[in-house]
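Reader: I am new to this structure. Please show me how to read its features, one at a time.
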Amino acid sequence: MSDFRIQTCVLGMVSTNTYIIYRKGGREAVLVDPADNAPYLLNKCRELGVEPSAVVLTHGHFDHIMAVEDICRSFPCRVYASADEAALLEDPDQNLSVPMGMERTAVEADELVRDGQVLNLLGLEWKVIATPGHTAGSVCYYIPEESVLISGDTLFAESLGRTDLPTGSAQQIIRSITEKLFMLPDDTMVYPGHGDPTTIGHEKQYNPAAPYWRRQK
């Protein structure tokens, strides 16, 4: 049985999924999209007996980054984000922290990742999949050994990310889902930025992008 674990914390004004990912019995954890409330996240890590060593971002919107600074102030975490998202991450207007009336927030990643790059975190390979559409620099992370996809705001359970915000594109998000994510095995578990987990197989049947995928076959 796998020792891979995902703890979901729903945080912030739009109920964002922050994931604490770790291996049972291990001390390290990866935090995906620390949305808000760093004290809560750090306390949850203590309860799990783990310490954050990395912060992985799927994209740069305020509701996925508000706790990054405080997490990194408490632990020496390395922050990963797409090279194509760097400008949005660092701009409080584009990342919507200012337009949404939140604290002015900007994040500078320690490592800017690109499509196809493989990260080694928790002793596992995390493949970076560039999925522009929700934002130009949106990425997903695929962990093949565990059949897990962290999809951010690109792919949701029977839905997909909005594209009417800065750098968004409806055409691009459909291509990202149908040409990249739907190529993964059907039993891949999908952990999205909002809402419940799903699988690639389920989404190929019921997602709004599914008709476009079927036409391509």
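Author: Start with one definition. A salt bridge is a side-chain nitrogen of Lys or Arg within 4 Å of a carboxyl oxygen of Asp or Glu. Keep in mind that this is a predicted model.

Reader: What is the general idea behind such a pair?

Author: Side chains of opposite charge can pair when their charged atoms come close. Now take a case. Asp70 makes a salt bridge with Arg73, with 2.4 Å between the closest N and O atoms. That is within the 4 Å cut-off.

Reader: Where do Asp70 and Arg73 lie?

Author: Both are in helix H2, which covers residues 68-74. They are 3 residues apart, about one turn of the helix.

Reader: Is Arg73 buried or exposed?

Author: Buried means under 20% relative accessible area, and exposed means over 50%. Arg73 has 56%, so Arg73 is exposed. Asp70 has 34% relative accessibility and therefore counts as partly exposed.

Reader: Which residues are linked with Asp70 in a network of salt bridges?

Author: Glu69 and Arg73 are linked with Asp70 in that network.

Reader: How many salt bridges does the structure hold?

Author: It holds 9. Another one joins Glu47 and Lys44, whose closest N and O atoms are 3.3 Å apart. Both residues lie in helix H1, 3 residues apart, about one turn of the helix. Glu47 is at 53%, so Glu47 counts as exposed. Lys44 has a relative accessible area of 17%, so Lys44 is buried.

Reader: Which strands hold Arg78 and Glu111?

Author: First look at the contact. The side chains of Arg78 and Glu111 meet in a salt bridge, 3.5 Å from N to O. Arg78 is in strand E5 (residues 78-82) and Glu111 is in strand E6, so the pair ties together parts that are 33 residues apart in sequence. Arg78 counts as partly exposed at 39% relative accessibility. Glu111 is also partly exposed, at 23%.

Reader: Now the sheets. What is the order of the strands in the sheet that contains E1?

Author: Read the order across the sheet. It is E1-E2-E3-E4-E5-E6, an open sheet of 6 strands with mixed pairing. Strands E1 (4-11) and E6 (111-113) stand at the edges with a single partner strand each, so one side of each has no neighbour in the sheet. Neighbouring strands here are turned by 25 degrees against each other on average, direction ignored.

Reader: How many bridges join E1 to E2?

Author: There are 8, and the two strands run antiparallel. Phe4 has Arg23 in E2 as its bridge partner.

Reader: What does helix H1 touch when it packs on the sheet?

Author: Helix H1 (residues 38-48) touches E1, E2, strand E3 (28-32) and strand E4 (51-56). The direction of H1 makes about 150 degrees with that of E1.

Reader: What is the strand order in the sheet that contains E7?

Author: This open sheet of 6 strands has the order E7-E8-E9-E10-E13-E14, with mixed pairing. Its edge strands are E7 (118-121) and E14 (198-199), and each pairs on one side only. E7 joins strand E8 (residues 124-130) through 4 bridges, and the two run antiparallel. Asn120 stands opposite Glu125 in E8.

Reader: Let us turn to rings. How many aromatic pairs are there?

Author: Rings pair if their centres lie within 6.5 Å, and planes over 60 degrees apart count as edge-to-face. By that rule the count is 3. In one of them, Tyr19 and Tyr191 are edge-to-face, with 5.7 Å centre to centre and 85 degrees between the planes. Tyr19 is in strand E2 (residues 16-23) and Tyr191 in strand E13 (residues 189-192), so the pair ties together parts 172 residues apart in sequence. Tyr19 counts as buried at 2% relative accessibility. Tyr191 counts as buried at 16%.

Reader: Where are Phe182 and Trp213?

Author: These two form an edge-to-face pair, at 5.8 Å centre to centre and 85 degrees between the planes. Phe182 is in the loop between helix H4 (170-179) and E13, while Trp213 is in helix H6 (residues 210-216), 31 residues apart. Phe182 and Trp213 are both buried.

Reader: Which ring lies under the charged end of Arg215?

Author: It is the ring of Tyr212: the charged end of Arg215 sits over that ring, 4.9 Å from its centre.

Conventions
Residues are numbered from 1 along each chain as its sequence is written. This is a predicted model: local features need pLDDT of at least 70, side-chain atom pairs count only at pLDDT 80 or more; totals for chains, interfaces and linings use all residues. Side-chain values use heavy atoms; hydrogens and water are left out. Rings of Phe, Tyr and Trp (its six-membered ring) pair if their centres lie within 6.5 Å; planes under 30 degrees apart count as stacked, over 60 as edge-to-face and the rest as tilted. Buried means under 20% relative accessible area, exposed over 50%, partly exposed in between (1.4 Å probe, protein chains only). A charge sits over a ring if NZ of Lys or CZ of Arg is within 6 Å of the ring centre and within 35 degrees of the ring normal. Two strands pair if DSSP finds at least two bridges between them. Axes are lines fitted to C-alpha atoms, for helices over the stretch in contact, and angles run from 0 to 180 degrees between N-to-C directions. Contact means heavy atoms within 4.5 Å.
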